[in-house]
Amino acid sequence: AAAMAAERGLAMATCTAPVNIAVIKYWGKRDTDLILPINSSLSVTLHQDQLKTTTTAAASRDFTEDRLWLNGKEADVGHPRVQACLREVRRLARKRRGGGEDMAALSLSYKIHVASENNFPTAAGLASSAAGYACLVSALARLYGLEEELSEVARRGSGSACRSMFGGFVQWQRGERPDGTDSLALQVAPETHWPELRVLVLVVSGEKKPVGSTAGMQTSVETSPLLKHRAEVVVPERLAQMMQHIQDRDFEGFGQLAMRDSNQFHATCLDTFPPIFYLTDVSRHIIALAHRYNAHHGHTKVAYTFDAGPNAVIFALADTVAEFVEVVRRSFPPATNGDQFVRGLPVGSAALSQELVAAVVTEPLPGAVQYILHTKPGPGPQLVDDPSQHLLGADGLPRSHA
């Protein structure tokens, strides 16, 4: 179980968890309290070397109240979704102990302190809630000595968080039961299954999204007939196709379907009343650029997908990355940060042919893309064993990162 300093009655556990990007999109709940989706979804878990949340959870008989810190600032521990996760983990721990209080085990009545931080800017519009809740649940489960299926608990924090409980390629099954016990995540394939797959995140703006996902998707459920058709008719077929493309490592099929599904998700946003616009002019320029690039090569070499915001996530195989990054650099010349423009995994240099530049790079938009993050698929939540990495000190308060 967690590292227990019994004489002080302080137990602590630290975990990291990944961001995931859906290629078959989740949009719309059939139960807003239990967070049950109107359709299944499928995502790729991104590597934690580039994007991760780290969370430390501590429990002590000396704590007088539950407390939460996000990126160093105290936050509302009473948030209903944080409380739902806490309640569920404690319920599972109680059930596991058969109601009897095991003296060796951590007292469930102790208050807890939680500190969480991201190694990427929260404002970058990169799905931080999925990583955040997956990490919270992983750290709490570790603290209370739970081993079981936890994606169901993470789902209560943020729907997409259940998919961050696994690495590689992950399906969130819609489930049929009203109590949600069959609405959980399953790994379709591990990250090692497709070693050549790479991901480029084109960060176009750090602005807060115009309409939060939670409110946006419920307006869509209430007003969009296209969304209903999508959930009932389109997604079930696409999900099966996408799983096959992943099994076959068929980039052509995977890429085309990812782009189509992203486009349909944004079409349901336009079909919502009043309409929701997540894509910006820059987003649309990136879409056009990807299609020109693929047309020039005569097949699908890059594939875009957009979540509820303007940042593009581009999938490509490793041998395409250097050339496409150079195409992006020419199309969106960095304003000031030329040296900081590409972050994450190293990217080789590439010379572009005149034909390619003429066909693909039409009108450059300087400064429109802030930076590119190069990453790849990665594993699920990890336990951090090194005590020096805990975000809370022996007093249960955040360590100052001096």
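**The second largest pocket and beyond**

Modeller: Helix α2 gives the most to the lining of the second largest pocket, contributing three residues. Please keep in mind that this is a predicted model. The volume of the second largest pocket comes to about 240 Å³, and of the 14 residues that line it, those closest to its centre are S138, A141, R142, L146 and L150. Sorted by class, the lining of the second largest pocket holds eight nonpolar, three polar and three charged residues.

The structure holds one cavity of 30 Å³ or more, and the volume of the largest cavity is about 30 Å³. Its lining is made by L68, V77, V82, L86, I112, V114 and L136, and the elements that give two or more residues to that lining are α1 (80-96) and β10 (111-118). By class, the residues lining the largest cavity are seven nonpolar, with no polar and no charged residues.

From here we turn to a pair of helices. Two packed helices are described by the angle between their axes and by the distance between those axes. Helix α5, residues 225-247, packs against helix α6, residues 251-271, at an angle of about 165°, and their axes lie 10 Å apart. Because angles over 145 degrees count as roughly antiparallel, α5 is roughly antiparallel to α6. The crossing of α5 and α6 is left-handed. On the α5 side the residues in contact include L226, R230, V234 and R238, while those on the α6 side include F254, L257, R260 and D261. By class, this contact of α5 with α6 has 10 nonpolar, five polar and five charged residues.

Two details of the backbone complete the tour. Most residues other than glycine have a negative phi, and most peptide bonds are trans. With that in mind, look at F273 and P274, which are joined by a cis peptide bond with an omega of about -5°; P274 is found in the loop between α6 and α7 (281-297). Look also at I35, a residue other than glycine whose phi has a positive value, near 55°, and which is found in the loop between β4 (29-31) and β5 (36-37).

Conventions
Residues are numbered from 1 along each chain as its sequence is written. This is a predicted model: local features need pLDDT of at least 70, side-chain atom pairs count only at pLDDT 80 or more; totals for chains, interfaces and linings use all residues. Side-chain values use heavy atoms; hydrogens and water are left out. On a 1 Å grid over the protein atoms alone, a cavity is a set of points where a 1.4 Å probe fits but cannot get out, and a pocket is an open set with protein on both sides within 12 Å along at least five of seven lines; lining residues have an atom within 4 Å of a point. Grid points are joined across faces, edges and corners, and a volume is the space filled by probe spheres set on the points. Helices (H or I, at least four residues) and strands (E, at least two) are DSSP runs, numbered from the N terminus. Ala, Val, Leu, Ile, Met, Phe, Trp, Tyr, Cys and Pro count as nonpolar, Asp, Glu, Lys and Arg as charged, and the others, Gly among them, as polar. Axes are lines fitted to C-alpha atoms, for helices over the stretch in contact, and angles run from 0 to 180 degrees between N-to-C directions. Angles under 35 degrees count as roughly parallel, over 145 as roughly antiparallel, 65 to 115 as roughly perpendicular and the rest as oblique. A crossing is left-handed if the near helix is turned anticlockwise from the far one by less than a right angle, and right-handed if clockwise. Contact means heavy atoms within 4.5 Å.
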